Amino acid sequence: MTARLSLYRKAEQELYKLDRSVKSDFYNFCHHFRENPELHGLRKKKLKGDSRIWSARVSQDYRALLARTGVDADGTESWLVIAVRHRKDVYEELQVAVNRVTGEIEFVDLAVVGDSALRRAGITLTPAEPEPETRPVKPVPEPAAEPEPAEPPLLAAYDAAGLRALGVAEQLIDLALAVTTSTELDQLLEGAPLLSKDVLYGLAAGMSVDEVRKEITAPVKLEQEPDLDDFAAALSRTKVTTVDDAVRAAIEEGDFRAWKVFLHPTQERIVHRHYNGPARVSGGPGTGKTIVALHRVKHLAEQLPPGHNKPILLTTFTKNLTTDLRLRLASLVEPDLLARVDIAHIDQLAARVLGENTAPGRGRQRVYDQVAVNEMRQLLTELDDRRFEAEFLVEEWEQVILGQSVPTRSDYFKARRAGRVRALTRPERAHIWKLIEQFTARLDKMGVETWGQAAERAARFEIERAAKIRGRRAYKEEIGGKDLIHRDNSSGMRYLGYRYRHIVVDEAQDLRPAHWKMLRAMADPDLPDDLFIAGDTHQRIYDHQVALGALGIHIRGRSSRLTLSYRTTREILAEALRVVDPKNPRSKDEKVVYDDLDDGTDTLAGYRSVLHGPQPGFVRYDTWEDELAGLAATLRTWRGELSTDEGGAPVDPSGRIAVCVADREMVSQTMYHLEAKAGITCAELTKEGPKGDGEVHVGTMHRFKGLEYQRLAIIGASDGIIPRTSVIERYRTEDPARYEREQRKARSLLFVATTRARDALLISWHGTPSPYLPTGRVAAVTA
């Protein structure tokens, strides 16, 4: 008799962490079990608690826990390895079942549940192999000795029927309703099935039952209720790894392999779904939006017919993020599929279009927005015109006129101004149009254009190209599909088609309206799966407001939201959320509202993490010099703590620690102090990435977008610096809408910065703290 072995996902993750010798024993066990599962040396036996679980000997100290899932017609048995445990950690109460919502096999391990929760539920764990060295059986105390819990149950607002309907494993329901603290909940869910973990953490984080049902349960729910006794069918739905001769290399890759192949079930549904139009996924930092985008590219590439063209575009806002996406995608897909993907940042893409449509020597020098604002300010000074701020006029030009390719004044009168809070009368629009005409003539005379102008021109070229394609199709339909080669040759349109079949956009919240017009024209709107958009408006750090529907990109009914952070600890996340919490703005006249890249609003409700770490540090100093000296002391401590691994072997901590500040001047001051006075080498974060090989990375908040560090210090978080009072205070009475938008953008910058920390976060300031910092933490430090 032979057997076929599969690895349960949780078992595979456990194997990553075991010693090399145990992994070797496991490979040998798999070889023997596949050849003969009844081999006497395997000592295979059923557990008493669940007769469907068997224990088999991997080595003297380790056991494999297995469930038989079926028998083929030729007599080959199918087995699922659900865990690999030390024999002292194998208990009779282990259970395996089919989830009533997902139809997948679930392994419930009560051995990791805290003693207090087990006592409260009256559960005793019985060792499967009672031996002298086995740890004592956890006793069931007498009812009279059980103290009343100091706190009410954490999930007292819910009942067993409700948890069961949401997909919580039956064996965990009573325990979940009994836990009284978040620590007990963590212990309960450490070894819990994934859906149970997501549902219970979601409820504990404040999500409503309807939100959990919509965002967690519904995406993974089967259309028909599964047969809870059909293990063979359940196995076909369960994410497993077939155990063959290649499993050794897979397990040796460890967590890196897990990143490459693992998708949360909610993410997997988003990645593999068929969309009849543009689709969007949102979520807070660390929820896996970029991972989803990369796996979406992989999925789309795998569906392509054979060829050598590049029908898929992967794009984002900046050059350094594009470099990161290319490296990560190369680790995810095979080279032949990678060659079918065009990876370019959005301004590079616009420049490419302009290069194709501009005669040599006729191009213009491109300048950043601040140059345009300065020129507009100079123009207003020369005209002695004080009706509008230069910043407002440039934004109106960028977001409305360029964003919608508005060609004439009469068209501007009718243009939709989505995302522009301040309303304009018809006379005001006429006056603005006149100013814009003078302003653009000024730029033309200088021989320059902004990146926004470049994007708008590129969008116009692509829109014209798309119009030709539609015209060609209409003509072809008119003549009944006859050959168009002669017509194409005479008009220079041979083989004319859309540039891309699929477009995937990461960090979508930072793109300009003109960028979206260009992208919309680059992919066929009549084909499914044309645009896939990943972004979070809470992380918008550039003032590019858009309403996708107004730009021809309709995502209604095709939007998904991710709420589980895989990067930031719960302790850091709690402080970061207070920065952007609309219920708790410390500035009384500020309204904290975030859009959803359309006409609705976005929220981080239910955003949570299952990771734990130390509480973020908040430190006040009297002066900037004191703060820099304190930073140096902290960095020395962190450097020492990261210089060895868990086994005591030396590790280079370079690139794992970073310092974040508000502006370039503070970058220079910080680097000078650390290098000249503290002997700590630094590398400045630039748009090209880290400059130099210094051990500590230092950069402005803008440069931390898309990055992560084990330990991060945010310094200079003082009032007047975050936000820059000199920049925004003048808007408080003159332009309240602009004032709110600047406050929101500054909050988003600090939010992005705080969520770059993976394990440890320190925030310091000198003088008065930033109004965005959590009130309670600041008050405690100041006191």
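The legends below describe close-up views of a predicted model.

**View 1. Aromatic pairs, with Phe388 and Phe392 as one example and Phe704 and Tyr709 as another.** A pair of aromatic rings is described by how far apart the centres lie and by the angle that the planes make. In this predicted model, the count of aromatic pairs comes to nine. One of them joins Phe388 and Phe392, whose ring centres are 5.6 Å apart and whose planes meet at 10°, so this pair is stacked, planes under 30 degrees apart being counted that way. Both Phe388 and Phe392 are buried. Phe704 and Tyr709 form an edge-to-face pair, with 5.8 Å from centre to centre and 65° between the planes. Phe704 is buried, its relative accessible area being 0%, and Tyr709 also counts as buried, at 5% relative accessibility.

**View 2. An aromatic cluster that includes Trp54, and charged ends placed over rings.** Phe26, Phe29, Phe33, Trp54 and Trp79 are linked into a cluster by ring pairs. Trp54 of this cluster also has the charged end of Lys44 over its ring, 4.1 Å from the ring centre. Elsewhere in the model, the charged end of Arg429 sits over the ring of Tyr412, at 5.5 Å from its centre.

**View 3. The largest nonpolar core and the surroundings of Met701.** In soluble globular proteins, nonpolar side chains tend to be buried together. The largest nonpolar core here has 53 residues, and those touching the most other members are Leu635, Val659, Met701, Leu712, Ile714, Ile715 and Leu750. Helix α25, which spans residues 624-641, gives the most to this core, contributing six residues. When neighbours within four places in sequence are left aside, Met701 is in contact with Cys660, Val661, Ile714, Ile722, Leu749, Leu750 and Ala753.

**View 4. An open sheet of six strands with parallel pairing.** Across the sheet, the strands follow the order β11-β10-β14-β15-β9-β16. Its edge strands, each of which pairs on one side only, are β11 (341-343) and β16 (559-562). From one strand to the next, the twist averages 15°. The edge strand β16 pairs in the parallel sense with strand β9 (residues 279-283), and four bridges join the two. Within this pairing, Val281 has Ser560 in β16 as its bridge partner.

Technical notes. Residues numbered from 1 in each chain as written. Predicted model: local features only at pLDDT ≥ 70, side-chain atom pairs only at ≥ 80, totals over all residues. Heavy atoms only, no water. Phe/Tyr/Trp six-rings, centres within 6.5 Å; stacked < 30°, edge-to-face > 60°. Buried < 20%, exposed > 50% of the residue type's maximum accessible area, 1.4 Å probe, protein only. Lys NZ or Arg CZ within 6 Å of the ring centre and 35° of its normal. Core = buried A, V, L, I, M, F, W, Y, C linked by side-chain atoms within 4.5 Å. Contact = heavy atoms within 4.5 Å. Pairing = 2+ DSSP bridges. Axes fitted to C-alpha atoms, helices over the stretch in contact; angles between N-to-C directions.
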